[in-house]
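Keep the model open beside the text.

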Amino acid sequence: MGRFLDLTGMRFGRWTILRYVGYNKGSLWECRCDCGKIKNVRSDRLRYGKSTSCGCFRAKVTAKETALKISKHGMWGTRLYREWIQMKQRCSPSCSKTQYDRYYGRGIRVCSEWEHDFDAFAKWALSNGYNDSLSIDRIDNDGNYEPTNCRWVTEETQANNKCTSRFVTYNGETKTLAEWAKKLNINYSTLCSRLSRGKSLQEIIEEMGL
């Protein structure tokens, strides 16, 4: 065994050495952390920086890093942030039964660009007319939440575009508007616009000479 080195009173990281307590695979020292916790630590772990606190410092740093990550965009708690969270919740397998049937169960998903990146979603939203009076809406109710299929609309417009009111029966066939638009080769937005003015699908087809 080498020459005994008295560490009493020394500091290593957040540890203050109180006293020598014995030997167990190395010299053991009773240490007090800056947070007040007492623990026995081997001298080699102290001198080589393998133990610098009781763990409270790492926990504090982790909490700070998490808080910075959450708030870095400066929009934590805003309505736009809630829109992003709620959008993802609707498309989650753990959503409510009603939402499951309308979203996840129908294969509706949030695109990879938005799912894990609020900044990307916020940038798109603020560049495409978002304000706190509007809600996100999918143009094609059979499509995903993605930049090319989303817009910001009033509650009235969104209500008119709900999946439950977007099925139309014509000649004995019941399809969504998106399916009718594709089958009849009609622009989806044009079809929705004409239907919203009170015209029936049959009238639209006759007017367009289809």
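**Strands, hairpins and helix pairs**

Gly22 stands opposite Leu28 in β3. Two strands count as paired if DSSP finds at least two bridges between them. Helices (H or I, at least four residues) and strands (E, at least two) are DSSP runs, numbered from the N terminus.

This is a predicted model, in which local features need pLDDT of at least 70, side-chain atom pairs count only at pLDDT 80 or more, and totals for chains, interfaces and linings use all residues. Residues are numbered from 1 along each chain as its sequence is written, and side-chain values use heavy atoms, with hydrogens and water left out.

How far does the predictor trust the chain? pLDDT is its confidence in each residue, from 0 to 100. The chain averages 81, and 85% of the residues score at least 70. Strand β3 (residues 27-33) has the highest confidence, with a mean of 93. Helix α2 (residues 56-71) has the lowest, with a mean of 59. Where pLDDT is low, the predicted coordinates should not be read in detail.

Now return to the sheet. It is open, has four strands in the order β1-β2-β3-β4, and pairs them antiparallel. β1 (11-12) and β4 are the edge strands, each with a single partner, so one side of each has no neighbour in the sheet. Strand β4 (residues 38-42) runs antiparallel to β3, and five bridges join them. Across that pairing, Glu30 stands opposite Asn40 in β4. The hairpin of β3 and β4 has four residues between the strands, and Gly36 there takes a positive phi near 105°. In a regular strand the side chains alternate between the two faces of the sheet.

Strand β7 (residues 167-170) and strand β8 (residues 173-176) run antiparallel, joined by four bridges. Tyr170 has Glu173 in β8 as its bridge partner. Two residues lie between β7 and β8, and Asn171 in the turn has a positive phi of about 55°.

Next, the helices. Helix α8 (residues 177-184) packs on helix α9 (residues 188-196) at an angle of about 120°, with axes 9 Å apart. Axes are lines fitted to C-alpha atoms, for helices over the stretch in contact, and angles run from 0 to 180 degrees between N-to-C directions. Contact means heavy atoms within 4.5 Å. Leu177, Ala178, Trp180 and Ala181 of α8 touch Tyr188, Leu191, Cys192 and Leu195 of α9. These contact residues divide into eight nonpolar, no polar and no charged. Ala, Val, Leu, Ile, Met, Phe, Trp, Tyr, Cys and Pro count as nonpolar, Asp, Glu, Lys and Arg as charged, and the others, Gly among them, as polar.

Helix α3 (residues 79-90) and helix α6 (residues 118-127) also cross at roughly 120°, and their axes come within 10 Å. Leu80, Tyr81, Trp84 and Met87 in α3 meet Phe118, Phe121, Ala122, Ala125 and Leu126 in α6. The contact of α3 with α6 has nine nonpolar residues, no polar and no charged.

Definitions and conventions:
pLDDT is the predictor's confidence in each residue, from 0 to 100.
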